[in-house]
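This briefing is meant for a reader who is meeting the structure for the first time. Please keep the sequence and the model in view while going through the points below.

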Amino acid sequence: AGGLAHRGDARERTRPAPLPTAVPNDNRVPAGTLRDGVLTLALEARPTMWHPDGDSLPGMPVEAFAEAGRAPTAPGPLVRVPAGTALRFTVRNALPHDTLTFYVPARVAGDARGTALDSIVLVPGASGELRVHAARPGSYVYRANGRTALDRVLRMRGLLGGALIVDSTAAPPRDRVFVLLGINDSLTSYGVPVTERAVVAVNGRAWPRTERLAVTVGDTVRWRLLNASADVHPMHLHGFYFRVDDFDAPPSAMAAAGPPGRMVVTERMLPYTTMTVTWVPERAGNWLFHCHYQPHARPHRPLGPEPATAARAAPHGAMPHAAMAHEMGGLVMGVHVRPHAGARAATAAPRVAPRELRLVAERDAGFPD
């Protein structure tokens, strides 16, 4: 009996410790310590378990940033400072086997080269410091990646990315920051990410677990959208136009964008681009803001060991029809627009006779089924 107990204790000692949970980050509270014009922030890249559908449902192991001494978050901790602040990042690579490179766009410091990146390279267990002068107001994505083929394509490892906001004044405007995330774990033989393997989210959650936004008719709503992924996201607002106040990206991506101040219902965001938008809700109701690329607005692949086993037994890319065709998921947020104070209830419209419509669906011989 003593020998059996001894062997059981050995198994317990060799069992890996559970991964810490990556907490959703709503990007309301800045990280680090700001003192005398200098922001100091200690980040750690750590293995975590991410639950995009809520902590009670299966998750997936993924790398994420944590502020030193705190839980890891998805996306990484928010960096928000007034222009002119000196940024001092201390980054530790706590991943056991992977060398990481940590990046901050050089545009933050006013670098005119556009695509340049300030960076430090970190072997497993190492720490390094990156100093950046935040001279240029705007929205940016800081990130880290490794050296695998998947890293080279995605340009970011797991959830190792976050928002870096440089405000033009010491008092930040009343806005919200939304980071679009995308996780993929495999490439095709052509080196293209497998679409069916993608898991996408806003501020760490996928619909229907994303934040519900509440605004009032007549409000001026200001959002910052940051695409911290290698995917293209055409972001679409139901029911209203929004104004693109600022769109930031390397010069090649800026050439494809329109002029500031344009009024749109959909704006296409290339990888690692950011934009600031303003809109005014004109009528009460429930509306959606979502990516208009269909695979990014439907449920992702099953997570956890049991659903994943079932998925492997199905044809490549196959998912239950009900989940794919009749549900939403991914990059979707709900917006509840309340009537403004003192608004009178709308008078019921007079009843009219229903109008009958006959719809005919025909097959177009010039296109596939």
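Predicted model: local features only at pLDDT ≥ 70, side-chain atom pairs only at ≥ 80, totals over all residues.

Does histidine 296 count as buried or exposed? With a relative accessibility of 3%, which is under the 20% cut-off for a buried residue, histidine 296 counts as buried.

**Histidine 296 and its surroundings**

- Histidine 296 belongs to the loop that connects β22 (285-291) with α4 (305-313).
- The side chain of histidine 296 makes a polar contact of 3.0 Å with the side chain of histidine 233.
- When residues up to four places away in sequence are not counted, histidine 296 touches several residues, among them Val200, Asp231, Val232, Cys291 and Leu331.

**Tyrosine 272**

- Tyrosine 272 sits in the loop between β20 (266-269) and β21 (274-279), and at 10% relative accessibility tyrosine 272 counts as buried.
- The side chain of tyrosine 272 reaches the backbone oxygen of leucine 154 at 2.5 Å.
- Leaving aside neighbours within four places in sequence, the contacts of tyrosine 272 include Val141, Arg143, Leu154, Met156 and Asn227.
- Although tyrosine 272 and arginine 143 are 129 residues apart in sequence, their C-alpha atoms are 9.8 Å apart in space.

**Strands and sheets**

- An open sheet is formed by five strands in the order β6-β12-β11-β8-β9, and the pairing within this sheet is mixed.
- Because β6 (79-82) and β9 (117-122) stand at the edges and each has a single partner strand, one side of each is left without a neighbour in the sheet.
- On average, and with direction ignored, neighbouring strands of this sheet are turned by 15 degrees against each other.
- Within this order, β11 (residues 138-145) and β12 (residues 161-167) pair in the antiparallel sense over six bridges, and serine 139 has isoleucine 165 in β12 as its bridge partner.
- Strand β18 (residues 242-248) runs antiparallel to strand β19 (residues 262-264), to which three bridges join it, and phenylalanine 242 has valine 264 in β19 as its bridge partner.
- β18 also pairs with β21, in the antiparallel sense over five bridges, and here valine 244 stands opposite valine 277 in β21.

**Salt bridges**

- The structure holds 21 salt bridges, and one of them joins the side chains of glutamate 63 and arginine 157 at 3.6 Å, N to O.
- That pair links distant parts of the chain, since glutamate 63 lies in strand β4 (residues 60-67) and arginine 157 in the loop between α2 and β12, 94 residues apart.
- Glutamate 63 is buried, with a relative accessible area of 19%, and arginine 157 counts as buried at 8% relative accessibility.
- Arginine 157 also forms a salt bridge with aspartate 151, in which the closest N and O atoms are 2.5 Å apart, and both of these residues are buried.
- Aspartate 151 is found in helix α2 (residues 149-154), where its relative accessibility is 3%, and apart from residues up to four places away in sequence it touches Asn145, Gly146, Met156 and Arg157.
- Elsewhere, the side chains of aspartate 26 and arginine 28 meet in a salt bridge of 3.3 Å, N to O, and aspartate 26 counts as partly exposed at 33% relative accessibility.

Terms used
Residues numbered from 1 in each chain as written. Heavy atoms only, no water. Helix = DSSP H or I, 4+ residues; strand = E, 2+ residues; numbered from the N terminus. Buried < 20%, exposed > 50% of the residue type's maximum accessible area, 1.4 Å probe, protein only. Contact = heavy atoms within 4.5 Å. Polar contact = N/O pair within 3.5 Å; in protein donor to acceptor, adjacent residues only side chain to side chain. Pairing = 2+ DSSP bridges. Axes fitted to C-alpha atoms, helices over the stretch in contact; angles between N-to-C directions. Salt bridge = Lys/Arg side-chain N within 4 Å of Asp/Glu carboxyl O.
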